[in-house]
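Trainee: Let's go through a structure together, one feature after another. Give me the general idea first, then the case at hand.

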Amino acid sequence: MEQNINVRVANSGDVHYAETITTEMEASAKARGTGIAKRSPEYIANKMNEGKAVIAHLNDGTWVGFCYIETWEGEYVANSGLIVAPEFRKSGVAKQIKRRIFNLSREKYPNAKIFGLTTGLAVMKINSELGYEPVTYSELTQDEKFWAGCKSCVNYDILMSKERKNCMCTAMLYDPADHYTPEETTQEFEKKSKVYERLMHIKQLVFGKKEKNINGGASKPKSLMHYFFGY
Ligand SMILES: CC(C)(COP(=O)(O)OP(=O)(O)OC[C@H]1O[C@@H](n2cnc3c(N)ncnc32)[C@H](O)[C@@H]1OP(=O)(O)O)[C@@H](O)C(=O)NCCC(=O)NCCS
């Protein structure tokens with residue numbers, strides 16, 4: 001199946017995929033019960049027109065996957081909105097898309113720090129293989145427009161209650177001026193993936209509970225993330 005999948009930079013001829021892509025983004029977020037910054041079909045189409053997106057499709061035109069580039073203040077680039085159609089998952093498509101959009105980002109913005117926010121272990125794994133490492137939110141762009149994008153996420157209240165220092169997502173970053181090799185970050189992920197998985201689970205429990213406490217007035221437990229990530 002994989003051999004027939006084309007992974008390439010999107011262009012203006014791809015805008016007819018935009019609606020399918022945003023519909024699937026929303027459906028996937030709902031199915032996972034996680035949050036997502038919502039994007040309109042127009043926004044996605046614009047990324048295609050600007051050559052700031054990667055699309056995957058079959059030879060017959062069937063849509064397979066997508067990801068796009070955003071640029072933010074302080075020379076930051078985010079590779080956002082990664083999505084693979086459910087019937088094509090778990091066959092390495094996301095990995096190919098992420099590698100292509102990472103290389104495109106490096107070509108277009110060689111000095112920019114590349115970052116992403118994710119709630120998924122699969123994406124953490126893919127990012128680690130590209131040389132990203134987990135960081136605190138303070139190491140990300142402080143561009144207000146970027147954080148405003150989180151307003152449409154169901155977890156926005158949590159982000160705000162934590163003064164934008166943490167939320168359900170794990171932040172990962174690749175700094176072209178100061179980074180480990182992909183081999184090193186891959187090894188680090190392999191060593192720690194079980195811990196990451198547990199921490200993400202704990203985060204859901206603790207942050208979710210804390211939200212209830214804000215409304216219910218019960219005592220606030222100190223988050224374990226405080227000890228692990230020092231915020
Ligand atoms: C996350 C998503 C993009 C992964 O796409 P995919 O094409 O299935 O991913 P790949 O096949 O390239 O898998 C990459 C690696 O992650 C692993 N993986 C895939 N799905 C996984 C999951 N749900 N849990 C844990 N690991 C997973 C794969 O086994 C693979 O590891 P390997 O190299 O050891 O084989 C896809 O599931 C999706 O579109 N989900 C909904 C949207 C989403 O969550 N986007 C991310 C927003 S940050």
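Mentor: Let's start with Glu 163, which counts as exposed because 9 other C-beta atoms lie within 10 Å. The rule goes like this: a residue is buried with 20 or more other C-beta atoms within 10 Å of its own, exposed with 12 or fewer, and partly exposed in between, with C-beta atoms placed from the backbone. Two ground rules before we go on. This is a predicted model, where local features need pLDDT of at least 70 and side-chain atom pairs count only at pLDDT 80 or more, while totals for chains, interfaces and linings use all residues. Numbering runs from 1 along each chain as its sequence is written.

Trainee: Where does Glu 163 lie?

Mentor: In the loop between α6 (156-161) and β7. Those element names come from DSSP runs, numbered from the N terminus: helices are H or I with at least four residues, strands are E with at least two. Over the protein chain, that gives eight helices and seven strands.

Trainee: What is there to say about the phi of Glu 163?

Mentor: Most residues other than glycine have a negative phi. Glu 163 isn't a glycine, yet its phi is positive, about 50°. Glu 75 also has a positive phi, about 60°, without being a glycine. Glu 75 sits in the loop between β3 (63-72) and β4, and is exposed, with 12 other C-beta atoms within 10 Å.

Trainee: How much should I trust the coordinates?

Mentor: Look at pLDDT, the predictor's confidence in each residue, from 0 to 100. The protein chain averages 89, and 88% of the residues score at least 70. Over residues 211-221, though, pLDDT is below 50, and this stretch has seven contacts in the model beyond near neighbours in sequence. By contact I mean two residues whose C-beta atoms, placed from the backbone, lie within 7 Å. Where pLDDT is low, the predicted coordinates should not be read in detail.

Trainee: Which strands pair with β7?

Mentor: Pairing takes at least two DSSP bridges between two strands. Strand β5 (residues 113-118) pairs with β7 in the antiparallel sense over five bridges, with Gly 116 bridged to Met 172. On β6 (residues 133-135) the pairing with β7 is antiparallel too, over three bridges, and Val 135 stands opposite Ala 171.

Trainee: Is β7 (residues 170-174) mostly covered or mostly open?

Mentor: Mostly covered: five of its five residues are buried. Thr 170, Met 172 and Tyr 174 point one way, Ala 171 and Leu 173 the other.

Trainee: Which residues have the most contacts inside the largest nonpolar core?

Mentor: A nonpolar core is a set of buried Ala, Val, Leu, Ile, Met, Phe, Trp, Tyr and Cys residues joined through C-beta atoms within 7 Å. The largest has 49 residues, and Ala 53, Val 54, Cys 67, Phe 115 and Ala 171 have the most contacts inside it. Leaving aside neighbours within four places in sequence, Ala 171 has contacts including Phe 115, Leu 117 and Val 135.

Trainee: Why does Lys 47 count as buried?

Mentor: Go by the neighbour count: Lys 47 counts as buried because it has 26 C-beta neighbours inside 10 Å. Lys 47 lies in helix α2 (residues 41-49) and touches Lys 52, Ala 53 and Tyr 68, not counting residues up to four places away in sequence. Ser 80, in strand β4, is buried as well, with 21 other C-beta atoms within 10 Å.

Trainee: Which residues come nearest to the ligand?

Mentor: Being near means a C-beta atom, placed from the backbone, within 6 Å of the molecule or strand. Of the 18 residues around the ligand, Ser 28, Arg 89, Ala 94, Lys 95 and Ala 122 come nearest. The elements giving two or more residues to this shell are β4 (76-84), α3 (93-108) and α4 (121-130), and α4 has the largest share, five residues.

Trainee: How does the shell divide by residue type?

Mentor: Ala, Val, Leu, Ile, Met, Phe, Trp, Tyr, Cys and Pro count as nonpolar, Asp, Glu, Lys and Arg as charged, and the others, Gly among them, as polar. Here that gives nine nonpolar, five polar and four charged. As for α4, its buried residues include Val 123, Met 124 and Ile 126, and just after α4, Gly 131 takes a positive phi of about 105°.
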